[in-house]
Every structure is written in structure tokens, then in C-alpha cells.
Amino acid sequence: FLFYSATYSEPSILISIINTVLALPAVFFLFALYAVLYDCRQSIALKFSTYFKYLRDTWKQALTFGVINIVFLLLVGWNLGFYAQFEAAWAVIVQYIFLSISLLWLILQIIMLPLYPRLENPQFKLALKNAGAIFAGYLIPVFALVIWTGLFVVLTARFHFLVMLFSISF
């Protein structure tokens, strides 16, 4: 399966199936949430139906974003699993190369996510190009963003009570 459970024991098959099935629809809700947050930042009055309007408006971009990222994750996962079978030193180097590419892809996706739905003519390639330009132009703030995001993910994955605390306080 694409995703394993967040537990530290044997991966639960049921949790893995649920995570895999919910990965793609989560992107639709995330894109709509970014659009609503953008309107909040612009001080535009919102109704309850605004979120559902943005779900309808951004579904093509969200589908493209979700499918490309899931295919990328599958390819990297399969490559890491394939090269893990070999005991040679070159296989470890190839795995590190794939992990480095994955980290670069993750950084570009973190930058690209708020940009993509806001483009006048939303195209995945253009959003990726803009994210690359931001990444190259602002290295120190981008690495600070990556460290902050990584710290947040590790803390909330390790200490489950922080998920509740962060969700209440923010």
C-alpha cells in the first residue's frame, strides 16, 4: 500500500487502505481550504457555501496535483524497495539519490501548493517553475520553512497530544 499507519508497530492493513483511499480526496479539500484562506486574508466576506464553491472551482488543479504526487510517491517507493534488495554499496548510493530527489520534490510541493490554485491560467508545469524560482531566489527562508515544517511533522507524529494542542491553538 502507498501509506502505512502512523503506529510504531506492525503496519495495520486497514489503516493503510484508509490512508491510501483518502490521499487523493484530501487534496481537493486542501485546495479549497487554500482558496478560502486567501479570501480571508483579502478580507472578503465568506459564506458557508464558499468552501463548496471553491471545491467545484479547483477540482481540476487538485486532481492534477494529487495524481502527479501520488504517482511520484509510488515511483520513489518502488525504486527504494527495489534497490533495498541489493547488498552492494552502489544500491545505497542510488537510494540516497532517490531520497534526495524526494526531498527536493517535497520542498517544491510545499512552495507550490499555495501558488497553484491562485494562478490565472493554472498549469502544473508553470506552478512548478514558479516554485523552483522561489526556491532558487530565497534559499535561507525556504530552508527555514522546511525545518519548521519538518519539526512540526515530527513533533506531532511522535507526540500525539500536540496534534490536539496545535489544532486548538491555531
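Which pattern does the protein follow when read along the sequence? The pattern is α-α-α-α-α-α-α, and the model shown in these views is predicted.

Figure 1. The protein has seven helices and zero strands. Of its 170 residues, 26% are buried. Among contacts with a separation of 6 or more, 46% join residues 24 or more positions apart.

**Figure 2. Close-up of helix α3, residues 59-84.** This helix comprises 26 residues and reaches 37 Å from its first C-alpha to its last, close to the 38 Å expected at 1.5 Å a residue. Its buried residues are Gln-61, Ala-62, Phe-65, Gly-66, Asn-69, Ile-70, Phe-72, Val-76 and Tyr-83.

**Figure 3. Close-up of the largest nonpolar core.** The core contains 19 residues, of which Phe-31, Phe-65, Met-112 and Tyr-116 touch the most other members. Two or more residues each come from α1 (13-41), α3, α4, α5 (124-137) and α6. Helix α4 gives the most to this core, with six residues. Another core, of five residues, lies apart from the largest one and includes Ala-35, Val-36, Tyr-54 and Leu-55.

**Figure 4. Close-up of the surroundings of Tyr-116.** Leaving aside residues up to four places away in sequence, Tyr-116 touches Phe-31, Gln-61, Thr-64, Phe-65, Pro-122, Gln-123, Phe-124 and Ala-127. Both Phe-31 and Phe-65 also stand, with Tyr-116 itself, among the core residues that touch the most other members.

**Figure 5. Close-up of the packing of helix α4 (residues 89-115) with helix α6 (residues 139-158).** The two axes come within 11 Å and cross at roughly 100°, which means that α4 is roughly perpendicular to α6. On the α4 side the contact is made by Ile-107, Ile-110 and Ile-111, and on the α6 side by Val-142, Phe-143, Leu-145, Val-146 and Thr-149. By class, seven of these residues are nonpolar, one is polar and none is charged.

**Figure 6. Close-up of the packing of helix α5 with helix α6.** The axes of α5 and α6 lie 5 Å apart, and the packing angle is about 105°; α5 is therefore roughly perpendicular to α6. Helix α5 contributes Ile-134, Phe-135, Ala-136 and Gly-137 to the contact, whereas α6 contributes Leu-139, Val-142 and Phe-143. This contact has six nonpolar residues, one polar residue and no charged residues. Val-142 and Phe-143 of α6 take part in the contact with α5 and also in the contact with α4.

Notes:
Residues are numbered from 1 along each chain as its sequence is written. This is a predicted model: local features need pLDDT of at least 70, side-chain atom pairs count only at pLDDT 80 or more; totals for chains, interfaces and linings use all residues. Side-chain values use heavy atoms; hydrogens and water are left out. Axes are lines fitted to C-alpha atoms, for helices over the stretch in contact, and angles run from 0 to 180 degrees between N-to-C directions. Helices (H or I, at least four residues) and strands (E, at least two) are DSSP runs, numbered from the N terminus. Angles under 35 degrees count as roughly parallel, over 145 as roughly antiparallel, 65 to 115 as roughly perpendicular and the rest as oblique. Contact means heavy atoms within 4.5 Å. Ala, Val, Leu, Ile, Met, Phe, Trp, Tyr, Cys and Pro count as nonpolar, Asp, Glu, Lys and Arg as charged, and the others, Gly among them, as polar. The expected span of a helix is 1.5 Å times one less than its number of residues. Buried means under 20% relative accessible area, exposed over 50%, partly exposed in between (1.4 Å probe, protein chains only). A nonpolar core is a set of buried Ala, Val, Leu, Ile, Met, Phe, Trp, Tyr and Cys residues joined through side-chain atoms within 4.5 Å.
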